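Hello,

Here is the structure I promised to pass on to you. Please open it first, and then read my notes alongside it.

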Amino acid sequence: MLAVAIQPAEAKRKSKAPVETRAKREFRGVWLQTAFQERYMRMQPAEAQAYLTRLVDSLAATGFNAVLFQVRPEGDAFYKSELEPWSRFLTGKQGQAPVPAWDPMQHMIDLCHQHHMEFHAWINPYRMSASKNQVLPQGHLYYQHPNWFVRYDGKLYLNPGMPECRAYVRSVVKDIVSRYDIDALHIDDYFYPYPVKGQTFGDRATFEAYAPQMKLDCNKPEDWDNFRRQSVNILIRSLHDDIRSLKPWVRFGVSPFGIYRNQKSWAEGSATNGTQCYDDLYADVLLWAEQGWIDYIIPQLYWEIGHSAADYATLVGWWSQHIPAQCHLYIGQSIERSLDETDAKRKAKCDLRTKHRHFAQKHALASAQSNVLGNCYWYGYQVDEDQYRVRHYLRDTVFAKRIVLPPAFVHIDKKAPEAIDNLKFKKTEQGLQLVWEQPKTNDPLQLPQYYCIYRYRKGEKIDVERSCEHLLARTRELFYTDASISASGKYTYVVTAIDPCNNESAPTRKTVKIKLK
């Protein structure tokens, strides 16, 4: 039996929000691709919903706090859209709606938020067919505006240099942001397509039509490259402005190819030798970060430590030195290319719980950089299926501190929410219940998204700034029942509020004396 003696409440702190350490904040993201995933089209809607529910449960239990879910793999939709057709990777045929009807993106948002995980809606902006033999449904955008498209390597792409194409991509993003409670909009490494030897992206006419408006010279070959980069820049800046105008708390992030520029192309480039974001994909990601057009960046540093053309250690240091502090930097990690084993036979039997020297070194190199705020893992299905025992390894080693809060986006909004009001205790049959009142506000940036409940025993230092060591639970409700008390004594509970930019309020505390009978 639980006997409760409520002590006089300690005064609510009037101090500023906590000044937190890195130990308390870390981005732990995972990519879940839908392109070329036959698993969904083989499932009935109820089966797919159950599968995704179990998948998100598994990722949350492992220690992840963000899911990057691909909702637009090829100008299609894993959500209800009046602009684009249902994805063939969902139903088996592009344009065919799921029966019975359901909305995978909304389902994933609900699941992630139940676990206090961020949901990042991942789109491919320009790719409109991912296969050479893709059959487009009747009424597809291609049949309405064939001049908007460029066929390259047998696949269809929106022409990034055409204002109409940029306007269309913006309409898709605005539709997602306005209708769904996403935490971030995410674009991966596909801007202009990866170059294919012997093929040219057919946008010469577009260059000649629009380059003069950018004060570029059609007779200069280098200005063709500049035109492509500026065309992508215009889209990125426009998407940033669109998102800020609709929901300023929604983040905008990219995960570019892991090499910005090689030293042979630019004196400040990395000591590498491979495809380049700037020169080959026309993605000037450093400019976007410097101008504040993106809120986070996840360079895909999938290579091994010591790789001859793209050494992981070299690239981690390079990105850390070049990304400004106002843009969060996370490292894109490849699970399969982080194994100690190399050949296929030994790799198949690799157990990351025992063979983790390489992966551990990669994590250590990332965490040693002062402005690296976390990692994102490719790809999430490997974690869920525990390939190479990676789920066990991450859960028991890398994520041993099971709960950490995601980093706060103070460059968007640094004002913490108001502290919660009127914290009280109630004795219930289930345990000790805490109840409180939500601070009153009309500012959506200050509206609490969830609450953190910390618990301290008598004699333990109350310090919510340092870590989540004493974080007992998180909840979106205005109450929490603690059924885990196993010993009599004095306990101090601390409750804080977390706003849409992940800022944490000043703590409100109260002490209670518990006597178990």
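**What I found**

Let me begin with a pair of strands: β10 (residues 328-334) and β11 (residues 372-378) run parallel and are joined by 5 bridges. Within this pair, Leu-329 stands opposite Val-372 of β11. Before going further, please keep in mind that this is a predicted model.

Both strands belong to a closed barrel of 8 strands, which runs β2-β3-β4-β7-β8-β9-β10-β11 with parallel pairing. Helix α4 packs on this sheet, where it touches β2, β3 and β4 (118-123). The direction of α4 makes about 150° with that of β4.

Another helix to look at is α2 (residues 45-62). It has 18 residues and reaches 26 Å from its first C-alpha to its last, close to the 26 Å expected at 1.5 Å a residue. Its buried residues include Tyr-51, Leu-52, Leu-55, Val-56 and Leu-59. In general, an α-helix has 3.6 residues a turn, so residues three or four places apart point the same way. What do the buried residues of α2 pack against? Their partners are β2 (27-32), α1 (38-41), β3 (66-72), α4 (104-114), α14 (380-384) and α15 (390-398). Just after α2 comes Gly-63, which takes a positive phi of about 125°.

**Backbone details to check**

Most residues other than glycine have a negative phi, and most peptide bonds are trans.

- The peptide bond from Val-99 to Pro-100 is cis, with omega near -5°. Pro-100 sits in the loop between α3 (88-91) and α4.
- Trp-378 and Tyr-379 are also joined by a cis peptide bond, with omega about 0°. Tyr-379 is in the loop between β11 and α14.
- Tyr-388, in the loop between α14 and α15, has a positive phi near 60°. This tyrosine is buried, at a relative accessible area of 13%.
- Asn-502 has a positive phi near 75° and lies in the loop between β17 (489-498) and β18 (508-516). With a relative accessible area of 5%, Asn-502 is buried.

Strand β17 deserves a look of its own. Of its 10 residues, 8 are buried, so β17 is largely enclosed by the rest of the structure. Strand β14 (residues 450-457) runs antiparallel to β17, and 8 bridges join the two.

**Charged residues**

How many salt bridges does the structure hold? There are 23 salt bridges.

- Arg-72 and Glu-84 form one with their closest N and O atoms 2.6 Å apart. Arg-72 lies in strand β3 and Glu-84 in the loop between β3 and α3, so the pair ties together parts that are 12 residues apart in sequence. Arg-72 is buried, at a relative accessible area of 0%, and Glu-84 is buried too, at 5%.
- Glu-304 and Arg-337 meet at 3.1 Å, N to O. This pair links distant parts of the chain, 33 residues apart. Glu-304 is partly exposed, at 24% relative accessible area, and so is Arg-337, at 30%.
- Glu-38 pairs with Arg-42 at 3.6 Å between the closest N and O atoms, and Arg-42 is exposed, at 61% relative accessible area.
- Glu-341, Asp-343, Arg-346 and Lys-355 are linked in a network of salt bridges.

Finally, take a look at Arg-474 in strand β15 (residues 471-475). Arg-474 is buried yet has no salt bridge, and the nearest side chain of opposite charge, Glu-118, is 9.5 Å away. Among the residues Arg-474 touches are His-115, His-116, Tyr-450 and Tyr-451.

Enjoy exploring!

Best wishes

Key:
Residues numbered from 1 in each chain as written. Predicted model: local features only at pLDDT ≥ 70, side-chain atom pairs only at ≥ 80, totals over all residues. Heavy atoms only, no water. Helix = DSSP H or I, 4+ residues; strand = E, 2+ residues; numbered from the N terminus. Expected span 1.5 Å × (residues − 1). Buried < 20%, exposed > 50% of the residue type's maximum accessible area, 1.4 Å probe, protein only. Contact = heavy atoms within 4.5 Å. Pairing = 2+ DSSP bridges. Axes fitted to C-alpha atoms, helices over the stretch in contact; angles between N-to-C directions. Lys, Arg positive; Asp, Glu negative; His and termini not counted. Salt bridge = Lys/Arg side-chain N within 4 Å of Asp/Glu carboxyl O.
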